[in-house]
Amino acid sequence: MTPSGESRGEYVIVWTYQVAAEHEKRFLDAYGPAGLWASLFAAARGYCGTELIRCDEPCRFMTIDRWESRAAY
């Protein structure tokens, strides 16, 4: 990945989240690959997908949003 976020022809955005335990299910429903966040992006040209990763720390997550280019994002 280059400093600009470009990776193999894609633009990648990484977000990290610390979620309160009582809201974890709602978070997973909203930010998972089939969640509301990905559904919103799915309507955009150039969107390639979202990956949700559970970190080792409790209630900590990362999402990786992939786009065809920075311009598409």
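**Reading confidence, fold and core**

Modeller: In this predicted model, the confidence of the chain is lowest in strand S1 (residues 6–7), where the mean is 49, and highest in strand S2 (residues 10–18), where it reaches 95.

Colleague: What is the mean pLDDT of the chain, and what share of its residues reach 70 or more?

Modeller: The mean pLDDT is 87, and 88% of the residues reach 70 or more.

Colleague: How many helices and strands does the chain have, and which pattern does the chain follow along the sequence?

Modeller: There are two helices and four strands, and, read along the sequence, they follow the pattern β-β-α-α-β-β. Among the contacts in the chain with a separation of 6 or more, 51% are accounted for by residues 24 or more positions apart.

Colleague: Which residues make up the largest nonpolar core?

Modeller: The general idea is that, in soluble globular proteins, nonpolar side chains tend to be buried together. Here the largest nonpolar core consists of six residues, namely Tyr11, Ile13, Ala38, Phe41, Tyr47 and Trp67. The elements that give two or more residues to this core are S2 and helix H2 (36–42).

Colleague: Which residues does alanine 38 touch, leaving aside those up to four places away in sequence?

Modeller: With those set aside, Ala38 touches Gly32, Pro33, Tyr47 and Thr50, and of these Tyr47 is itself one of the residues in the largest nonpolar core.

Key: Residues numbered from 1 in each chain as written. Predicted model: local features only at pLDDT ≥ 70, side-chain atom pairs only at ≥ 80, totals over all residues. Heavy atoms only, no water. Contact = heavy atoms within 4.5 Å. pLDDT = per-residue confidence, 0-100. Core = buried A, V, L, I, M, F, W, Y, C linked by side-chain atoms within 4.5 Å. Buried < 20%, exposed > 50% of the residue type's maximum accessible area, 1.4 Å probe, protein only.
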